[in-house]
Amino acid sequence: MEKGDQVELQLPMTPRFVTANTQVKDLRNSIAIASGPIVYSVEAADNGNVEQLQVDTATALQLQHRNDFLNGVNVITGKTVAGKTFTAIPYYAVGNREAKGYKVWLPLPQTARIKVDAGQIQNKLSSLIYGSNIEDVNHEIYGGFYDQRIFGESFEEPAAGVNYNQWRRYTGYWTAKDGAVTIIPGRNTNSEVFMNTSHYIGVEPDQSAKLIYEPKELTNGAVEAEIRFTGKGESGALLVRVANAGVGNDAFDGYEISLNRDGKKIMIGKHLQNFEQLKDAAVNFNPEAWNKVRVALNGSLIEIYLNGQQVLSFKDEHNPLLKGKIGLRTWRSAMEFRNVTLQESGKTETLKLVNQSNEQVSYNWDVINTGQAKASFELDSNSAYNGKKSQVINFVSGSGKAGIANRSLNRWGIAVRNGQAFQGRVYLKAEKLTGPVTIALESANGTKTYAIKKLSGIGVNWKKYPFTLTANTTDINARLAIYISSKGKLWVDQAVLMGTGKDQFKGLPIRADIGNMLVNQGLTFLRYAGTMVNSPEYKFKKMIGDPDKRPPYRGHWNWYTTNGFGIEEFLKFCEATKITPCFAINIYETPEDVADMVEYLNGSVNTEWGAKRAKNGHPKPYGVKYIEIGNEEVIFNGDNRKAYEEYVTRFNLLHTAMKQKDSSLKFVHAAWWRPESPNMEYVFRELNGKADYWDLHVGGDDPKGRFRY
């Protein structure tokens, strides 16, 4: 080169497809789009559902500058495999428009050709290929498939003390303490799973738990509450003008007035099933002391006071929310609320947040105390028909009703229709009771009665009292009430309410609508398994015999699970539908117990456990063929050789015990499939010839994995 020569450097900016390093297995068969050093993204605002978008890599990409687009950016366009135009924007510009959703890595179009010779049979498909699975996750069983309409039937849950008659819970284990309600995320919402070691797994999303006051909506007026933090966290809030509330971080419409855990900020935000911060202010308060938050509402104007001083004012001029309920909310914080008041039209009302100290009712039940009745309520840990606790109602004096009410799962209500007949039973005993016990179907607030039954002559010893109730109206939010109207003391335990006739599946304790749907799907195989199996107290022998005497146990999805529905009820459903069953057992069952289980299910009436099955009402053997040993074993341990070794050891112990009882049984092993792990070869070789099937969770495991042996 000579002096004065010019060097021109050209950096290619032609848009291109790029792939990830082959060692990033999750991005195999995926591509991204780039121009020079800039990575691009396809956003829902331009392309609709980006989850379904597949680009045509054979079509050239086009780059152009758009001044009218996101304050001026280069955009890339191309064609999808369906022939439509897609638009990609620089990744740094993502998230600036209302439509949510974007994607950087896109799946490569897959092309394949399969040649089938229809005249030649290569193999035969099993008739059991079309199957499904049921388990008690998300209350598929309790609150769903199982016909029991009462939730908390055994009164094992402790008294929370919260006034759930008026406040509706949206997750979280709320309790009363010194006149306040307290919430601690993670308390009673984690459950133990034992796989080689104990693992504590979250079973309820309570980081944004809410309590919403149901009886009244507020338009203009003021709300006050005292708030303090009792542990680590981020924030907590008073909610106003709430509507459309549900479970989830931002699952409601309304305004949130929140205090930061650090004591330095107060904020007003708006929720429309999402979150938008409207305004905040720097403050200085002691988060561990009681702080009074007041929210004054006047049309679209919202004024906020902290400890008597106005700290924020905001006028919502964009789609203001003008009416709704009030509520309390945590955001990842242990905290307490008390002294909630509502001011409207010159009147101030203190809202009942907690029950009285003498109103201790089991967690899933509500207090009934009407008229001039003086009554007390307690849980008796010394005298239960079944389990550890029973509910006590003590009518002391006056006139009115004293009792308890149940609104089913999550207090969502018991759905009844005009003319619908229910069957039920409850175990009662009494002391100096001068009148009858009333069982009734009522409206949620108890002001309307849809069906009623009087039970008289309650003695001092536990006794089962069957009853029937026929609703005289339709209501999707009814409740079951049990109450007394005269002096005396009543104990209540094991309350059951189920449908009758066409509402039950072939006379089984199973909802006909769900049972018929499973049948209509044409299922030939049904698995009954899930993380419920991994609870240390999940044992077969606790699931047989009189359901009212089966011991409650610490379950996975519900701490206070009953055994009203168990493996035997599952098998009866499969028997009635001719669906081939498979169920899973806990790997920490003893060899002796699983041998007895096989004899109970498949043995003749001349065997010890076959005779017990006949005594329990089922002389004919169930003829079980498939049993899974464990459920998703080692999933929570990571790729841990010792955990896989323990599973193999437990499998072999139980397999041998059951095979000796019935050599025709087929076994499924449940070791979690990790295709890249050398432990897969270990499990395969150790269980080959013993396990007939490997339970592969497609979607949960990697369906693209391959055996390499």
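**Figure 1. Gly507 in the loop between strand E37 and helix H3 of the predicted model.** In this predicted model, Gly507 belongs to the loop that lies between strand E37 (488-499) and helix H3 (512-520). Is Gly507 buried or exposed? Its relative accessibility is 63%, and because this value is over 50%, Gly507 counts as exposed. A second residue, Glu608, gives a reference for the position of Gly507: the two are 101 residues apart along the chain, and their C-alpha atoms are separated by 28 Å.

**Figure 2. The chain as a whole.** The chain has 709 residues, of which 50% count as buried. Its secondary structure comprises eight helices and 42 strands. Along the principal axes, the C-alpha atoms fill a box of roughly 115 × 80 × 45 Å. Of the contacts between residues at least 6 apart in sequence, 69% join residues at least 24 apart.

**Figure 3. The crossing of helices H5 and H7.** Two packed helices are described by the angle between their axes and the distance between the axes. For helix H5 (residues 591-602) and helix H7 (residues 641-661), the axes come within 8 Å and cross at roughly 35°. The crossing of H5 with H7 is right-handed. Which residues make the contact? On the side of H5 they are Pro591, Val594, Ala595, Met597, Val598 and Glu599, and on the side of H7 they are Leu653, Leu654, Ala657, Met658 and Lys661. Sorted by class, this contact of H5 with H7 contains nine nonpolar residues, two charged residues and no polar residue.

**Figure 4. The buried residues of helix H8.** Helix H8 spans residues 679-687, and its buried residues are Asn679, Met680, Tyr682, Val683 and Leu687. Where do these residues lie around the helix axis? They cover an arc of only 160°, so they are on the same side of H8. An α-helix has 3.6 residues a turn, so residues three or four places apart point the same way. The cover over the buried residues of H8 includes helix H7, strand E41 (666-671) and strand E42 (693-694). After H8 comes Gly689, which has a positive phi near 90°.

Figure 5. Glu256 is located in strand E18 (residues 253-260). Why does Glu256 count as buried? Its relative accessibility is 4%, and a residue is called buried when this value is under 20%. The side chain of Glu256 is joined to that of Arg329 by a polar contact of 3.0 Å. Apart from residues up to four places away in sequence, Glu256 touches Ala237, Leu238, Leu239, Met267, Ile268, Gly269, His271, Phe275 and Arg329.

Figure 6. Gly246 is placed in the loop between strand E17 (235-243) and E18. Its relative accessibility is 18%, so Gly246 counts as buried. Which residues does Gly246 contact, leaving aside neighbours within four places in sequence? They are Tyr170, Lys210 and Ala251. The C-alpha atoms of Gly246 and Thr171 are separated by 9.2 Å, while the two residues are 75 residues apart along the chain.

**Figure 7. Two asparagines with a positive phi.** Most residues other than glycine have a negative phi, and most peptide bonds are trans. Asn71 is not a glycine, yet its phi is positive, at about 65°. This residue is found in the loop between strand E4 (62-66) and strand E5 (73-79). With a relative accessible area of 82%, Asn71 is exposed. Asn319 likewise has a positive phi, near 55°, and is a residue other than glycine. Its place is the loop between strand E23 (309-315) and strand E24 (325-331). Asn319 counts as partly exposed, at 48% relative accessibility.

Figure 8. With neighbours within four places in sequence left aside, what does Ser381 contact? Its partners are Lys388 and Lys389. Lys612 is 231 residues apart from Ser381 along the chain, and the C-alpha atoms of the pair are separated by 31 Å.

Note on methods. Residues numbered from 1 in each chain as written. Predicted model: local features only at pLDDT ≥ 70, side-chain atom pairs only at ≥ 80, totals over all residues. Heavy atoms only, no water. Axes fitted to C-alpha atoms, helices over the stretch in contact; angles between N-to-C directions. Helix = DSSP H or I, 4+ residues; strand = E, 2+ residues; numbered from the N terminus. Left-handed = near helix turned anticlockwise from the far one by under 90°. Contact = heavy atoms within 4.5 Å. Nonpolar A, V, L, I, M, F, W, Y, C, P; charged D, E, K, R; others polar. Buried < 20%, exposed > 50% of the residue type's maximum accessible area, 1.4 Å probe, protein only. Polar contact = N/O pair within 3.5 Å; in protein donor to acceptor, adjacent residues only side chain to side chain. Arc of directions from axis to C-beta.
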